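Trainee: I'm new to this one. Can you take me through it, one question at a time?

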Amino acid sequence: MLISGLGGRAGLNKDCSGVQNMATVEMDQELAKKLFFEGGTLIILGVPEGTEFGIDYNCWQVGPKFKGVKMIPPGIHFMHCSPVNSRDIRITGPRTGCFFHIKQREVLVKRWDKKEEEIVLVAVSEEEREQIRENLTELDKCLGPYPYETMKRWVSLTNLITEPLIQKLQPESGRICAFSEVQPEIALPHTKDRAEQNRLPYDTLCKNYEEGLARLPKMKVKAGTEIRFTTIPKQKYPEGASPAEITKCSMDFSYALDTVIKQRYPLNPKDILGELQFSFVCFLIGHVYDAFEHWKDLLRLLCHSEEAVTKRKDLYSALISILYHQLNEIPSDFFVDIVSKDNFLTTTLQEFFSYACNPDLDKALQKRVEKFKAHLTKKFKWDFDEEPDDCAPVMVELPEGVTLG
């Protein structure tokens with residue numbers, strides 16, 4: 001069956017990500033009929049023609065008749081959009097997106113906000129939703145079908161992200177922006193305001209570069225717009241720890257990992273892996289660089305926790321599966337530091353793989369670790385057996401007042 005109604009410039013027609021055109025998805029007729037009536041529907045009103053719109057892995061430029069996406073599989077999804085220059089649609093603005101959960105046969109209604117140039121949720125009564133649901137057949141020609149050829153790939157990256165986790169991590173504003181929304185720490189809109197703060201007027205000529213930097217306003221992230229990632233503790237040891245405990249915890253991050261899990265995810269420790277997936281999607285699809293940095297911090301914490309590996313076999317077995325799918329999405333040289341030439345991932349995983357020799361490690365997990373190591377070695381030609389440059393003795397700075405006995 002050919003799902004039609006969006007040909008030409010009618011709906012979603014320009015492929016922005018190498019994915020098949022949404023207007024020409026071929027599907028078994030019975031499956032298409034079932035998905036049409038049982039899948040979720042995302043109605044989006046007023047999106048300007050040419051706007052870059054995407055859901056999960058897929059991205060297109062919308063046509064004049066676009067009103068949303070139909071046949072969406074129930075579960076977690078990521079919707080995103082970018083405004084385009086009205087005079088040149090090849091020039092796009094920063095990407096804005098959000099995670100959302102859709103149920104079977106659920107109808108979500110959103111609209112385009114002209115002022116903010118983004119898609120926002122619309123308050124709709126249950127009666128209005130039911131009316132829209134009854135008119136879905138008429139709306140068919142304006143709705144693009146969800147591209148099922150990328151569904152398995154999407155699920156493999158998000159299988160541990162839950163609706164409660166989204167509510168915990170997503171910004172209070174509900175928007176995930178490629179660039180942080182910032183504002184001045186102190187608002188100085190008028191000359192007299194600057195004078196009160198001993199600041200020179202804006203039109204005063206700078207004497208040198210340093211003076212110019214000093215006169216720039218200090219900025220802070222706008223409250224409610226930041227992704228609420230877990231804070232990774234800088235201090236990896238408990239208060240009052242002995243020098244021996246400080247040394248141990250500075251080399252094996254298990255104490256810090258356990259602390260994070262107990263404070264943040266006491267009911268379901270695997271939610272920390274859901275956060276790992278959340279941050280990866282925010283970077284890969286949402287274009288949020290800070291999310292990539294958080295992904296690295298979380299992975300470093302997980303991979304430098306030898307004691308935790310022996311005690312949390314289910315967590316680490318799931319971590320291997322997550323990394324397997326994530327690493328399929330990025331080029332092998334992506335993690336190489338352009339200055340030091342060090343590969344963050346190989347040095348981090350090398351530590352993790354070294355735990356496979358621990359006699360206390362679960363045998364099934366041990367086998368899984370070795371198999372994953374062999375897979376990466378073959379696919380990316382990474383050498384995990386070469387002794388890293390940082391194998392020198394670890395220098396641990398003791399807290400003030402703590403001395404070696």
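Trainee: In which sense do strand 2 and strand 10 (residues 107-113) pair over 5 bridges?
Mentor: This is a predicted model, in which local features need pLDDT of at least 70, side-chain atom pairs count only at pLDDT 80 or more, and totals for chains, interfaces and linings use all residues. Residues are numbered from 1 along each chain as its sequence is written, and side-chain values use heavy atoms, with hydrogens and water left out. Helices (H or I, at least four residues) and strands (E, at least two) are DSSP runs numbered from the N terminus, and two strands pair if DSSP finds at least two bridges between them. With 5 bridges, strand 2 and strand 10 pair in a sense that is parallel.

Trainee: Which residue of strand 5 is the bridge partner of I43?
Mentor: Strand 2 also has 3 bridges to strand 5 (residues 68-72), and these two run antiparallel. In strand 10, I43 stands opposite V109. In strand 5, the bridge partner of I43 is G68.

Trainee: How many of the 6 residues of strand 2 are buried?
Mentor: Buried means under 20% relative accessible area, exposed means over 50%, and partly exposed is in between (1.4 Å probe, protein chains only). Strand 2 (residues 40-45) is largely enclosed by the rest of the structure, because the buried count among its 6 residues is 5.

Trainee: What distance separates the C-alpha atoms of I119 and I44?
Mentor: I119 belongs to strand 11 (residues 118-121) and counts as buried, at 11% relative accessibility. Contact means heavy atoms within 4.5 Å; leaving aside neighbours within four places in sequence, I119 has contacts including I44, F53 and M79. I119 and I44 are 75 residues apart along the chain, yet their C-alpha atoms are separated by 7.7 Å.

## Rings and charges

Trainee: Why is the pair of Y57 and W154 edge-to-face?
Mentor: Rings of Phe, Tyr and Trp (its six-membered ring) pair if their centres lie within 6.5 Å; planes under 30 degrees apart count as stacked, over 60 as edge-to-face and the rest as tilted. By this rule there are 16 aromatic pairs. The centres of Y57 and W154 are 6.4 Å apart and the planes are at 85°, so the pair is edge-to-face.

Trainee: How many residues apart are Y57 and W154?
Mentor: Y57 is in the loop between strand 3 (52-55) and strand 4 (58-62), whereas W154 is in helix 4 (residues 151-158). Y57 counts as buried at 12% relative accessibility, and W154 is buried at 0%. The pair links distant parts of the chain, with a separation in residues of 97.

Trainee: What is the angle between the ring planes of F292 and W295?
Mentor: F292 and W295 are 3 residues apart in helix 11, so about one helical turn separates them. Both are buried. Their ring centres are 6.0 Å apart, and the pair is stacked because the planes are at 15°.

Trainee: Which ring does the charged end of K296 sit over?
Mentor: A charge sits over a ring if NZ of Lys or CZ of Arg is within 6 Å of the ring centre and within 35 degrees of the ring normal. K236 does this over the face of F253, at 5.1 Å from the ring centre. For K296, at 5.4 Å from the centre, the ring is that of F344.

Trainee: Which backbone nitrogen does the side chain of S254 reach at 2.9 Å?
Mentor: S254 lies in helix 9 and is buried, with a relative accessible area of 4%. A polar contact is a pair of N or O atoms within 3.5 Å; within protein, one must be able to donate a hydrogen and the other to accept it, and residues adjacent in sequence count only if both atoms are side-chain atoms. The backbone nitrogen reached at 2.9 Å is that of A308.

Trainee: Where is confidence highest in the protein?
Mentor: pLDDT is the predictor's confidence in each residue, from 0 to 100, and it averages 84 here, with 82% of the residues scoring at least 70. Confidence is lowest in strand 1 (residues 12-15), at a mean of 46. At 98, confidence is highest in helix 5.
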